[in-house]
Amino acid sequence: MTSARPYPAAALFGRLLDHANRHDPYPYFAELTREPIWQLDAHTWLVSGHCEISALLRDPRLSAQDAAPADGPSGPSGPLGSDGRPFHGPFLLLDPPHHDALRAQTVHQFAPRILGMRPHIEAMVAGLLDQHGGSGPGEIDVVASLAYPLPVAVICALLGVPPEEEPVFHSFAGRLTRALDPVETLSKQEIAELEVTRADWLAYLLPMIEERRATPATDLVSGLLTDGDPATRMVDVELAATLGLLLIAGHETTVNLIANGTLALLRNPDVLARLRADPGLAPAVVEEVLRFDPPVQMNGRHTTADIRVAGQVVPAGDRITLMLAAGNRDPRRFAAPDRFWPERTGNAHLAFGGGVHYCLGAALARMEGQAALTAIATRLSNPRPVADPPPYRPNMLLRGPEEVRVAHDGITPTG
Ligand code: HEM
């Protein structure tokens, strides 16, 4: 017997999965915001309401931890974490209290290192654009020339990873970030290779930890190895997983912030002109890019208890996808949600998540985004898109363009 479609969100979600719609998923997100919560199948839910996502991000009854270990070997014969339990993956995928212990050590090393970074980031941006400088008209791919190399250079310097390693970790990042997407979008081969890729990733990172232990330097990993109470320090697999998490999260997201921001400015020449005239608008522009076209479009959790969401009971053990990009355009929270409007007030977007997993790199990402978008607005003369929309990478969760080619009448030299 065939039943009438019990889950109307399934068709809508199917359109979001479709790569043909990757360049503009927002009509589908808009449809999703008609209701704050939808059931996708017997055990999966989508939450699209801003207020509901915000509350769920902070709800301890939601878990970010999969039942199966996320990374590498585990079980009785596998490595143990610093809590004495089987190692379970990077702290993004752990719950409190162990998550909190590992995150606190990382923040302790991360925060002081980024405090004085703004001038260095601005100099890096200037240097990258200078490579394309000259007074004449030309074309620049903002992704290849700025949006990608900037966060890679910054995160490599912070972590003490040699920039020459980029081709290797880029290849891992491509495969590991695809694994964050809904399983329906992955090929059988991608799924089959995932466990091996995760184990290979750890095997690639572990020697870097050993090398740093032998020769500590001033980088963040050396800090994690030598600072604090030796009794509670991260063990090597945790250090490697943290290094890997920061390496990937540190650039695979910011590249999309700069690329999406460039597109938003090109499509809104009035905002571009205002930023050009007043670089003090950069923080508001970056916040609006994060709301309007967020680099991380959704995140996943599961329930550890029955939870009531907007009148619906979501049973314990079910999967919940928090649609950050939909919440960012929820008309119940944002006036004129489809308008790119940096001057809006109360821009409490969800782009960096919330609660215990709130993005650890938010301040750094903001600095990089502000420096890059200001330089694009102030140094490129008469910029316009070569292809709009540009081609998009396959990723759904970490969504962003493969390239953003911009024609211009010249790039003002620095100094
Ligand atoms: C525009 C750029 C960025 C965006 C939009 C972004 C977004 C996010 C989001 C939504 C989460 C929460 C995920 C969840 O709740 O499941 C997160 C977590 C995280 N982000 Fe970012 N991120 C960005 C840049 C960065 C950078 C530059 C770094 C590091 C240098 C970083 C490091 C992390 C880490 C370590 C976590 C895990 C935090 C935890 O589990 O406690 N992110 N990010």
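**Figure 1. Confidence across the predicted model.** This is a predicted model in which local features need pLDDT of at least 70 and side-chain atom pairs count only at pLDDT 80 or more, while totals for chains, interfaces and linings use all residues. Residues are numbered from 1 along each chain as its sequence is written, and side-chain values use heavy atoms, with hydrogens and water left out. The predictor's confidence in each residue is given as pLDDT, from 0 to 100. For the protein, the mean pLDDT is 94, and 96% of the residues reach 70 or more. Over residues 69-75 pLDDT stays under 50; for this stretch the model has 19 contacts beyond four places in sequence. Contact means heavy atoms within 4.5 Å.

Figure 2. Four bridges join strand 4 to strand 10 (residues 405-408) in the antiparallel sense. Strands (E, at least two residues) and helices (H or I, at least four) are DSSP runs numbered from the N terminus, and two strands pair if DSSP finds at least two bridges between them.

**Figure 3. The crossing of helix 13 and helix 16.** Two packed helices are described by the angle between their axes and the distance between the axes. The axes of helix 13 (residues 269-277) and helix 16 (residues 362-379) come within 8 Å and cross at roughly 95 degrees. Helix 13 and helix 16 are therefore roughly perpendicular to each other (angles of 65 to 115 degrees count as roughly perpendicular, under 35 as roughly parallel, over 145 as roughly antiparallel and the rest as oblique). Helix 13 contributes Leu-272, Leu-275 and Arg-276 to the contact, and helix 16 contributes Leu-373, Thr-374, Ala-377 and Thr-378. By class, this contact of helix 13 with helix 16 has four nonpolar, two polar and one charged residues. Ala, Val, Leu, Ile, Met, Phe, Trp, Tyr, Cys and Pro count as nonpolar, Asp, Glu, Lys and Arg as charged, and the others, Gly among them, as polar. Axes are lines fitted to C-alpha atoms, for helices over the stretch in contact, and angles run from 0 to 180 degrees between N-to-C directions.

Figure 4. Asn-328 lies in the loop between helix 15 and helix 16, and Phe-352 is placed between helix 15 (324-327) and helix 16. Asn-328 is buried, with a relative accessible area of 0% (buried means under 20%, exposed over 50%, partly exposed in between, with a 1.4 Å probe and protein chains only). Phe-352 also counts as buried, at 9% relative accessibility. Beyond four places in sequence, Asn-328 touches residues including Leu-290, Pro-294 and His-349. With the corresponding neighbours left aside, the contacts of Phe-352 include Leu-290, Tyr-358 and Arg-366. Phe-352 and Pro-294 are 58 residues apart in sequence, with 8.7 Å from C-alpha to C-alpha.

Figure 5. Glu-184 is in the loop between helix 8 (166-178) and helix 9 (188-214). At 52% relative accessibility, Glu-184 counts as exposed. Not counting residues up to four places away in sequence, Glu-184 touches Phe-13 and Leu-17.
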